[in-house]
2 protein chains.
Amino acid sequence: MSNNKPHIPKGTRDFTPAEMVKRNHIFNTIREVFSRYGYQPLETPAMENLDTLLGKYGEEGDKLLFKILNSGDFIHGIRKDDIHSQNTNALSLKLCEKGLRYDLTVPFARYVVMHKHELVFPFKRYQIQPVWRADRPQKGRYREFYQCDADVVGSDSLLNEVELIQIMDEVFSNLSIRVKLKLNNRKILAGIAEYIGVPERITDLTVALDKLEKSGTEKVYAELREKGIGDSSIERILHFLKISGDASEKCEALMDLLECSDTGLKGIDEIGKIFQYLENINLKNPVEFDISLARGLNYYTGTIFEVMAIDVAIGSICGGGRYDDLTGIFGLPGTSGVGISFGADRIYDVMNQLDLFPAETTTASMILLANFGEKESVYCLSLLAKLRAAGYRSELYPDPVKLGKQISYANSRNIPFVALVGENEMKEETITLKKLSTGEQHSFTIEELFKYLEQISQSNSL
Amino acid sequence: MSNNKPHIPKGTRDFTPAEMVKRNHIFNTIREVFSRYGYQPLETPAMENLDTLLGKYGEEGDKLLFKILNSGDFIHGIRKDDIHSQNTNALSLKLCEKGLRYDLTVPFARYVVMHKHELVFPFKRYQIQPVWRADRPQKGRYREFYQCDADVVGSDSLLNEVELIQIMDEVFSNLSIRVKLKLNNRKILAGIAEYIGVPERITDLTVALDKLEKSGTEKVYAELREKGIGDSSIERILHFLKISGDASEKCEALMDLLECSDTGLKGIDEIGKIFQYLENINLKNPVEFDISLARGLNYYTGTIFEVMAIDVAIGSICGGGRYDDLTGIFGLPGTSGVGISFGADRIYDVMNQLDLFPAETTTASMILLANFGEKESVYCLSLLAKLRAAGYRSELYPDPVKLGKQISYANSRNIPFVALVGENEMKEETITLKKLSTGEQHSFTIEELFKYLEQISQSNSL
């Protein structure tokens, strides 16, 4: 038992009541839109078996998994030689069978495969839960953070992409965040890899392109060179970076360049169709076809999405894409899916910076009943019960301390009213209500008090 | 990468959409009551440093902590001799610095101590989050489960106890679960330990008494004997088990027996006052003073609570108590607190068994627009946008498959209506609406459709 000041693990956070209220505003907004579009809630456990998680996020991702020490006699089966071996990874797998989930997509794929016989496809689910990554903590990057995902599996239709675009558009519009939605297609990137003569290097190409906006052309070229991609190939990339215009102009230019790549042409056809659908929908935010958009995760095979906030430079605040074979790694090939993921933490930061949280997001009590002693408290209990029965958040200060202390408690909690019920009020069956913002006091009968509170709630004029 | 059928760690669960909707009904009910009583939301990270968790739940609890393998070079500092040592516990502490939280109370105490200078006391918080225990999984016992806690720290007032009793009463009444609330006081148990001549054995006594209801008197006596408590002491326990009557009669009988124990008398005084307060409140469920109620956790020092469902034998579905020194173990002595914890899983089981979930708890879409092909889909997109803008959960089937398959999709999702918009309907600007429960079809203009949907929503006659 330690007597030291306790700490919290680095990269993790406590969420205070004030922060919780704001975070819930984001989660509730997202949840409401997901639900209105026919997505159903799902939750999976924090722990997954390591063989579910390993190999799904690349080598780097495997290293970032939090592993859970086996319970009981975890040493059983470990030989002394396993210690000091170079391969800490192999040893960790002997010590640990389980890990904390790294994202919500792989657990979802695992769920779909486990329940493939009961599920009716297309299966549309949303999931809002924390994920854990043993990343080096830094500003805006945490070891525990929430993801808000919507995915639909079991349908190839591009209407799913259109629907997800509408969802992203609506969520950010409801949160009052101005955004730009970016679209691309992995098949086009594959076509480009073919065109520049390195078809097998699509991953290197996409990883490099993914950094284009952040690092600039020169750095991206240097990285490609480092990865052994020749100058002639790199030069051919220029043809693509020069392409401009609206979506249909870009499609046309691409069709010329990629005419020899079936995959590339298929990608162009897909993105073209999506933009045609979008013409029939009034979106509130601009959608752009961005040929350089790549997104790191290598399970994407078709459309990829990314959302950037216009008024804050913070990177992507939402993204996703289509994956044709995510469940294939669990033995269920041919189930195509497409999904998006909202980054709650960055959205929170954007809204805080731009002061976009609505003022009325509070869960504070409306009234604090002051405590003047034993007799008065007993009397107040029934008043309190009436207030709560009417739906007013209210509380009785538990100790009969000085009124000043009770009022400063109310102030610190953003409670707007303090009700004073002392000996006089008890005799006259009245309540003295003090409005803390102005200091005004009024005497009410119980009926008058409820009328007054109703008025205030309706006009929301706290 | 494994091709085996994936599994889920034992003792953990996925929650399907249908289960999620029911669980959220429970969480929302609890959250709403907490909030109406002035409690504020708080969340803490899943991972805590092990020195925060260890030593807080007894030896048994320490063993049930899930520990997280240190990231990176976790072998550093481990000697070969540490392997095969008898003390796996010491080795685990070299391999792991963090663990998953075991309950919500200790993280809350840690939070209060870390933020003692910013917090205004009394601090009332609620917290609804999962906890993890490496328990042997069995029916109704999971390795990951949710707790719903409300605690207030920084006030000795018994009004806090009264308020928590009201909260328990109201939550179960709102969930339509008939319950019996049981109250006792640890100081009375300490008094009994003094009276029977084993004051230092209060923990053994409470652990044994805790099993009284489940195991019967004989087994409890046997356990006490095993622990070295003499027959004369055990005989004196009989004086207490004979006590009957209402709360004030029990208090009087106890006062006679415990007149020499200051601690015992203080406990009787506390419980007596609580029952006096309760006389002024209309509770919907009975409250009973149960001298044999002990509750295992040894950080309780005053009032203890327990709630039993009347119509299902499932053990306690809510419980809690007052702890005078929980923050003391983190270097902040003298901060008294009292709290309760709802067991969401058992509440879920009770409600399922008694069929208490309201029928309308569904998040299914209200309308599925059938997909008759490309042209029709494009036409439907704008109808869909109107439906969603009006708040109706609705979706377009993404693929132009056979109508029968689309209708069976709607049936499996509990979607009550399918809208048919084919070539004719497009020409005539109508919608054919099929009610799946009866098979009836009606043709509507858009205006008529919205009027019809509004009527249905208001009368809730799906």
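In chain B of this predicted model, strand 15 (residues 430-435) and strand 16 (residues 441-445) pair in the antiparallel sense over 5 bridges. Helices (H or I, at least four residues) and strands (E, at least two) are DSSP runs numbered from the N terminus, and two strands pair if DSSP finds at least two bridges between them. Strands of a sheet pair through backbone hydrogen bonds, either parallel or antiparallel.

The model is predicted, with local features needing pLDDT of at least 70 and side-chain atom pairs counting only at pLDDT 80 or more, while totals for chains, interfaces and linings use all residues. Residues are numbered from 1 along each chain as its sequence is written, chains are lettered from A and ligands numbered from 1 in the order in which they are written, and side-chain values use heavy atoms, with hydrogens and water left out.

The secondary structure of chain A comprises 18 helices and 16 strands. Chain A is more spread out than a compact globule, because its radius of gyration is 29 Å, well over the 23 Å that the globule rule gives for 462 residues. That radius is taken over C-alpha atoms, and the rule is 2.2 Å times the number of residues to the power 0.38. Along the principal axes, the C-alpha atoms of chain A fill a box of roughly 95 × 65 × 50 Å. Of the 462 residues of chain A, 58% count as buried (under 20% relative accessible area, with exposed over 50% and partly exposed in between; 1.4 Å probe, protein chains only).

In chain A, 8 strands form an open sheet of mixed pairing, in the order 1-5-6-11-10-9-7-8. Its edge strands, each pairing on one side only, are strand 1 (40-41) and strand 8 (287-289) of chain A. Strand 8 of chain A runs parallel to strand 7 (residues 179-185) of chain A, and 3 bridges join the two. Here A:L183 stands opposite A:F289 of strand 8.

Helix 1 (residues 17-36) of chain A contains A:E19, which is partly exposed at a relative accessible area of 28%. Apart from neighbours within four places in sequence, A:E19 is in contact (heavy atoms within 4.5 Å) with A:D14 and A:Y348. A:E19 and A:Y348 are 329 residues apart in sequence, and their C-alpha atoms are 9.3 Å apart in space.
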